[in-house]
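Subject: Structure for you to look at

Hello,

Here is the structure I said I would pass on. My notes on what was found in it follow below.

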Amino acid sequence: MTDAVTHPRFPAQNGRRTRGRTWWAQRWVDDVEQAALDSDTLKRGRAYARGGLVGPLTFAAGLVSADVHTDDESLHVRIRVDPLDERQWGEVLATLASRSGHVAQLSSGTLPRELDEDLAAVDVSLIPSMFDADATCTCEEWDVPCRHAAAVLYQAAWVLDDDPLLFFLLRGREGQEILQRRHGAHPETSRSSFDDGCVPVPATDAYASVPGPLPAPPRPGGSPVRPCWLDGAPPEVRADAVWYAVVTAISRYGDRV
């Protein structure tokens, strides 16, 4: 079950970069601009976005929606994108399971380029294509997207800048739920990597405990014991072993000679 997420309305912006800061938001905007039919409409959409005319943005499975308030009217915009199917979600989960670094970066608010590249190799993308999106508005303009939908799409990039997990929601599943499942699949990110038989103890108890006996030190003046397996070894093997023993003895006992 996926829940909708609503971002509060952006106030008017002065000098803000409309096209996003991060690589994933910039790709979103690049796709919007490449799929648009009229650059003038996009320009007006950017002006609406910076002017604070877009109401709260709601993200849900396969949908971004918001109202746009102009001097004359209020319009309702809906941007529909394709959720991922079961096969595609299986590829996403398998890719996240293969690299714990992907999960760590997503948890810190970063969409890894490597994750995008790994998914592209199996024909999957978390970032929806605007060529496949369906932008509708209650206005009667013929432009696709219209200026109101363009404003919503530009502001959506601002939200995605700070919360790339919304891509998971747009594609049909909650990002936090996916990360929690992946954390459980990576013991090194969710629990101690000690063997189950090793039980950690508090440091105070460890310092208070009596240490066990130390191993016996080597006998002074002793000589290395000749291993019995050398008796049946070929001459070249015996020679190498003897040379190794000599070098070892010199390095260990040379200061006593």
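I began with a pair of helices: Glu91, Val92, Thr95 and Leu96 of H3 are in contact with Leu115, Asp118 and Leu119 of H5. By type, the residues of this H3 and H5 contact are four nonpolar, two charged and one polar. Please keep in mind that this is a predicted model.

Two packed helices are described by the angle between their axes and the distance between those axes. Here H3 covers residues 86–98 and H5 covers residues 113–120; their angle is about 130° and their axes are 10 Å apart. H3 and H5 are therefore oblique to each other, and their crossing is right-handed.

Next is helix H1, residues 23–35. With 13 residues at 1.5 Å a residue, H1 should span 18 Å, and this agrees with its end C-alpha atoms, which are 18 Å apart. The buried residues in H1 are Trp23, Trp24, Ala25, Trp28, Val29, Asp31 and Val32. Their cover includes H5 again, along with helix H2 (39–50), strand S3 (63–69), helix H6 (147–162) and helix H7 (166–170).

One residue in H6 is worth a look as well: histidine 148. Is histidine 148 buried or exposed? Its relative accessibility is 1%, so histidine 148 counts as buried, the cut-off being under 20%. Apart from neighbours within four places in sequence, histidine 148 has contacts with Tyr48, Val68, Thr70, Leu75, Val77, Cys137, Cys139 and Glu141.

Regards

Technical notes:
Residues are numbered from 1 along each chain as its sequence is written. This is a predicted model: local features need pLDDT of at least 70, side-chain atom pairs count only at pLDDT 80 or more; totals for chains, interfaces and linings use all residues. Side-chain values use heavy atoms; hydrogens and water are left out. Axes are lines fitted to C-alpha atoms, for helices over the stretch in contact, and angles run from 0 to 180 degrees between N-to-C directions. Helices (H or I, at least four residues) and strands (E, at least two) are DSSP runs, numbered from the N terminus. Angles under 35 degrees count as roughly parallel, over 145 as roughly antiparallel, 65 to 115 as roughly perpendicular and the rest as oblique. A crossing is left-handed if the near helix is turned anticlockwise from the far one by less than a right angle, and right-handed if clockwise. Contact means heavy atoms within 4.5 Å. Ala, Val, Leu, Ile, Met, Phe, Trp, Tyr, Cys and Pro count as nonpolar, Asp, Glu, Lys and Arg as charged, and the others, Gly among them, as polar. The expected span of a helix is 1.5 Å times one less than its number of residues. Buried means under 20% relative accessible area, exposed over 50%, partly exposed in between (1.4 Å probe, protein chains only).
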